[in-house]
Amino acid sequence: MGLSRVQAVFFDLDNTLIDTAGASRLGMLEVIKLLQSKYQYEEEAEIICDKVQVKLSKECFHPYNTCITDLRTSHWEEAIRETKGGTDNRKLAEECYFLWKSTRLQHMTLAEDVKAMLTELRKEVRLLLLTNGDRQTQREKIEACACQSYFDAIVIGGEHKEEKPAPSIFYHCCDLLGVQPGDCVMVGDTLETDIQGGLNAGLKATVWINKNGIVPMKSSPVPHYMVSSVLELPALLPSIDCKLSKSA
């Protein structure tokens, strides 16, 4: 590849390197089976899971006020009560939550072609994993997909005062690797955090992973590059490196 100016690449984790959304769907399917077979929740099972999915998408987690296990068990408890009525059923909520969680962790894996890509890239540049989210949740994902050995450093937003898109966490990443923002590339699937954060911090390039061909809103952050798969990155980096060299 022969890169001369790009010194580091920051990768997002969820839905960039691992299929978190797909793993979560498989977890929901297992809960539906449980509710239908063990508790005879026929139509209600899917409704409960849909409600939990909405709650997860709107989740606001404050680690100093509660733990992620309590919060997410409460999502299930509320969804069951809203669907079935009656009093809260904490025991059933816990059973659903832990089944969903364990199933999705089982399916959070690094694909072989992603492993190969990271291995080859690391011969050329420093690699850093930068992921938002609760410390416990993200550490469990990292452990499940066994990605630690592919990176020079791992930074979890929930372990810092600010997460993406705050510039501070990107500067922290640069300090860890001993590089300047202008020599780094951010790769991720979320415009509002990965791309906006890279722009805020003055990284030389941002690469948006747009797997589903989404047309962004006019007000959305504009990435420098867009690809449909993270596996397209190695072919793109020489072009980014060339532009860096010309602007140096």
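Biologist: How many nonpolar, polar and charged residues are found in the lining of the largest pocket?
Modeller: The model is predicted: local features require pLDDT of at least 70 and side-chain atom pairs pLDDT 80 or more, while totals for chains, interfaces and linings use all residues. Residues are numbered from 1 along each chain as its sequence is written, and side-chain values use heavy atoms, without hydrogens and water. Ala, Val, Leu, Ile, Met, Phe, Trp, Tyr, Cys and Pro count as nonpolar, Asp, Glu, Lys and Arg as charged, and the others, Gly among them, as polar. On this scheme the lining of the largest pocket holds 8 nonpolar, 15 polar and 15 charged residues.

Biologist: What volume of space lies in the largest pocket?
Modeller: On a 1 Å grid over the protein atoms alone, a pocket is an open set of points with protein on both sides within 12 Å along at least five of seven lines, a cavity is a set where a 1.4 Å probe fits but cannot get out, and lining residues have an atom within 4 Å of a point. Points are joined across faces, edges and corners, and volume is the space filled by probe spheres set on them. For the largest pocket this gives about 1,100 Å³.

Biologist: Which residues of the lining are the closest to the centre of the largest pocket?
Modeller: The largest pocket, of about 1,100 Å³, is lined by 38 residues. The closest to its centre are Asp14, Arg72, Asn132, Gly133 and Gln138.

Biologist: Which element gives the largest share of the lining of the largest pocket?
Modeller: Helices (H or I, at least four residues) and strands (E, at least two) are DSSP runs numbered from the N terminus. Two or more residues of the lining come from each of helix H1 (20–38), helix H2 (43–57), H3, H4, H6 and helix H8 (191–200). The largest share is 4 residues, and the element that supplies it is H6.

Biologist: From which domains does the lining of the largest pocket draw at least three residues each?
Modeller: The domain bounds come from an automatic or database assignment. At least three residues of the lining come from each of domain 1 (8–19 + 109–242) and domain 2 (21–107).

Biologist: Which residues line the second largest pocket?
Modeller: The second largest pocket has a volume of about 190 Å³. Its lining comprises 4 nonpolar, 3 polar and 3 charged residues. These residues are Asn15, Asp19, Ala21, Asp189, Trp208, Ile209, Asn210, Lys211, Asn212 and Ile214.

Biologist: How much space lies in the largest cavity?
Modeller: The count of cavities of 30 Å³ or more comes to 1. The space in the largest cavity is about 70 Å³.

Biologist: Which helix supplies the largest share of the lining of the largest cavity?
Modeller: The largest cavity is lined by Ile68, Arg72, Tyr97, Trp100, Lys101, Arg104, Leu105, Thr137, Glu140 and Lys141, with 4 nonpolar, 1 polar and 5 charged residues by class. Helix H3 (68–84), helix H4 (90–106) and helix H6 (135–145) each contribute at least two residues. The largest share, 5 residues, belongs to H4.

Biologist: What phi does alanine 146 have?
Modeller: Alanine 146 sits in the loop between H6 and E3. Although alanine 146 is not a glycine, its phi is positive, about 50 degrees.
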